[in-house]
Amino acid sequence: MKITEIEAFPFRLPTRRDFSWASLLVPLGGFVFVEIKTDTGLSGFGEATPLPDWGGDNGKHGGETQQTVIDIIQSTIAPALIGLDPTRIEEAHIRIDKVLRGNSYARCAVDIALHDLWGKAFDQPVYRLLGGEVREWAPIAHMIGIMPVEEAVEEARQAVADGIRNFQIKGGLDPERDIATVRRIREAVGEDVFLRLDANQGYHSAKNAARILNGISDCLNMVEQPVRDIDALAELRQLTSVDVIADESCWDAFDALDLVRKGASDAISIYLAKAGGIARARRVAAIAGAAGLPCDVNGSIESAIGTAANMHFALGVPEVSLASVNAISAPAGQASHKVGGYYYTDDVIESAFPVKGGGQRPPDGPGLGLTLDRRKLESFRERL
């Protein structure tokens, strides 16, 4: 089997409501669809979720757009991979490394499509090729975006009614609003629900973050990336009892090593897109596991394609034990939830993902297990 063509184009899904967080300047829901075609007729699907205004510590990572992802894939990655057996995924990464620096979102979309092809070629789901299931369901955390306190509390109540038991609460712009939101949500949902505050680097200094967090430590299970870099995270861990999960500070295996060496986090948030795909994200998870740090597999609220990749990773990678912020994927009219995990009112698949008890798994079938609705995919296609 040989790669003959790599196609990439943008598409956008309709959102249930506006979702925002500190530093987010563009609306959610914009993606790049990638299809890798072969001489056997099999093809693999991948996806990028680029956000130009989101990135790593001190501008080291990020900055991709839908257009740059498409351009890089067509001009640089595709010529390097045409003619390669798509099941030779590590060789594909070696080839890409020879012609490209950075551009992890573009790499990720291609890597996901390669894994989809790998599974289809051997008639196995991706999670089985990663080593097999270590859990049957991946627990879902619902993201509560930056919104008025009363709206945030109502969003949480409705998500709990849908069966959600884990939340990521966005903050970082107004500490007093964040404190009030966390306290009010805790009062509304009870003590048995897991609450994580994500400040998206908005608290600037470790001392400032500690002041905020120590005032709500009785209400909070974890805080995500409240400050700007690894050194500040390490300082913060000495000033607060609230567990810290690193996100923007951990893009790849090198960042994971730094976090472990400096004792800068209690957990790591893995994005397939940050690492450049499933193959490289496994390295981050291995380092975290060796250090005894649990992980989640989050992203930027992917469509069903990216969510399927996240779900396979969550099922097959032992370190991904934390609830993850992922969409509960379903086409219009098939959504099982009214609020919890419900970000897009439609999707590019024919059938909803299986859901049970606040958890989700990918559809049964080889590769990612997806049956795409090509008509919808074309209808959601964008013109940049």
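Which element gives the most to the lining of the largest pocket? Helix α11 does, with three residues. Before you select anything, note that this is a predicted model, where local features need pLDDT of at least 70, side-chain atom pairs count only at pLDDT 80 or more, and totals for chains, interfaces and linings use all residues. Numbering starts from 1 along each chain as its sequence is written, and side-chain values use heavy atoms, with hydrogens and water left out.

**Stop 1**

Now colour the elements that give two or more residues to the lining: α2 (89-99), α3 (104-122), α9 (253-262), α10 (272-275) and α11. Helices here are DSSP runs of H or I with at least four residues, strands are runs of E with at least two, and both are numbered from the N terminus. By class, the lining has six nonpolar, seven polar and nine charged residues. Asp, Glu, Lys and Arg count as charged, Ala, Val, Leu, Ile, Met, Phe, Trp, Tyr, Cys and Pro as nonpolar, and the others, Gly among them, as polar.

**Stop 1: the parallel sheet**

Show β5 to β11 as cartoon. Seven strands form an open sheet in the order β5-β6-β7-β8-β9-β10-β11, with parallel pairing; two strands pair if DSSP finds at least two bridges between them. At the edges you'll find β5 (142-144) and β11 (295-298), each pairing on one side only. From one strand to the next the twist averages 25°.

Zoom to I245, whose bridge partner in β10 is A267. Then bring back α11 (residues 278-290), which lies across β10 and β11 and runs at about 170° to β10. Axes are lines fitted to C-alpha atoms, for helices over the stretch in contact, and angles run from 0 to 180 degrees between N-to-C directions.

Next, pick N310 in helix α12 (residues 304-316). Is N310 buried or exposed? N310 counts as buried, at 2% relative accessibility (buried means under 20% relative accessible area, exposed over 50%, partly exposed in between, with a 1.4 Å probe and protein chains only). Beyond its neighbours within four places in sequence, N310 is in contact (heavy atoms within 4.5 Å) with L272, V297, N298, E302 and N326.

**Stop 2: the antiparallel sheet**

Select β1, β2 and β3, which form an open sheet in that order with antiparallel pairing. β1 (3-12) and β3 (43-48) stand at the edges with a single partner strand each, so one side of each has no neighbour in the sheet. Look for V32, opposite A48 in β3.

**Stop 3: two loops**

Finish with N103, in the loop between α2 and α3, and D123, in the loop between α3 and α4 (126-129). Phi is near 55° for N103 and near 55° for D123. Most residues other than glycine have a negative phi. D123 is exposed, with a relative accessible area of 55%.
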